[in-house]
Amino acid sequence: MESVFSAIEKLGPAGLVLRAILGSLLGIFLLVGFIVLRRWYRARYFRRRSERTVALRARWDEIVSGKIPPTDWRFDPLDCDIVESILLDNIEMSAPDGLPPLLNCLRVSGLLDMLIYEARTAHSWKQRTALLALGRTRAREAIPALVAGLDSRSAETRIAAILDRIVDGQLDAPERSVKNSLANCCRSNPEILVRYLEQARGPVRELLARVLAELASPGLGEELLVLAADALPEVRASAARALGNTNTSYTLPALHSLANDPEWFVRLRAVVALGEIENVGKIRILLRSLCDANRHVRQRAAWVLARMEPQLEQILDDVVATNDDYALQSFISELERSGAIENIAGLIAGSGEGSVQTTLREVVERAKKSVELSGKAVAVAAGAH
């Protein structure tokens, strides 16, 4: 070895280059070795975890009833982690009559005491994980530890404690105050709301979805698609609002689906969101919404279409082609409000005397006269009073 180093030193500057190359190769081999070793270890760990999960599942009733004493699995880190995970999942999905045996197993085994201790004494992510687990236990003993989490120095821990209590139904406060507080706390990290939405049910789920809709960003990704297919109409409406803040490949198809929702206010939120994104493909969806049975949906679709100036002439042609008087009336009224109707009339006047152009010109002229007459009628009525 010494002869090799001495030979390299005799090379002078070339020896330094050779030494650097050898060092790089050594580093690469060590990195590849670490990756291979890590993958082998993880594969071995997950295989062993799967084996232990099957074994514990086979004797699950005996574990819950206490026929298998907690000492048989409690002090094995892997078995303890598996049993805790299964217990929390079962508690979360359990009916009220099936809850006592699960909570008793959690208490007798000492798992509940361990979670409370970690929630009180741990720090950072470990404390937040313990608080999240405590929120899922539905045990009264967890309440003091959750309350103590509100006094943590970490903002994320305080948010986790608040959300745990909200999801568990233990926070009795006005909805507006809770909503504003959550919006302020989670503004920089809205992803935390997604994890709690998976647990929440009923009005709490709707509240969290409304907060998430206010804070949504493209970073949330496909989580919004899950909410767009939710069973609760209010959650679907919030998902539509949130999608308006994302302009990705899945935004338009998701809003297309929501624009055909059975609930009118979900369709309305979808149309409003379509107005927020830049995609010419939304015109086809908006034209269909312009013929919606609900007046509010039609008006909002007309509002969005009337402000798409580069395509206004073609849009007007398409609106006339729908043969829907309500759609045409809504669109022409919005053109008048936006001040674009004069531009449309000028474009039609200079485009020739074809049958379509003549029809469009007559439509615009009739609409303008109708708006003028209605304006005069309102003025007369106001003067009479």
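**Close-up views of a predicted model**

View A. Helices here are DSSP runs (H or I, at least four residues), numbered from the N terminus. Helix 5 covers residues 99-108, and its buried residues are L99, L102, L103, C105 and L106. Buried means under 20% relative accessible area (1.4 Å probe, protein chains only). Seen down the axis of helix 5, these residues fall within an arc of 155°, so they line one face of the helix. The arc is that of the directions from the helix axis to the C-beta atoms.

This is a predicted model: local features need pLDDT of at least 70, side-chain atom pairs count only at pLDDT 80 or more, and totals for chains, interfaces and linings use all residues. Residues are numbered from 1 along each chain as its sequence is written, and side-chain values use heavy atoms, leaving out hydrogens and water.

**View B. Helix 16 beside helix 18.** The axes of helix 16 (residues 264-274) and helix 18 (residues 295-305) come within 9 Å and cross at roughly 5°. Helix 16 is therefore roughly parallel to helix 18 (angles under 35 degrees count as roughly parallel). Axes are lines fitted to C-alpha atoms, for helices over the stretch in contact, and angles run from 0 to 180 degrees between N-to-C directions. W264, R267, L268, V271 and V272 in helix 16 meet H296, V297, R300, A301 and V304 in helix 18. Contact means heavy atoms within 4.5 Å.

**View C. S238 in helix 14.** S238 sits in helix 14 (residues 233-243). S238 counts as buried, at 3% relative accessibility. Leaving out residues up to four places away in sequence, S238 touches A209, R210, A213 and R269.

Key:
Helix = DSSP H or I, 4+ residues; strand = E, 2+ residues; numbered from the N terminus. Parallel < 35°, antiparallel > 145°, perpendicular 65-115°, else oblique. Buried < 20%, exposed > 50% of the residue type's maximum accessible area, 1.4 Å probe, protein only.
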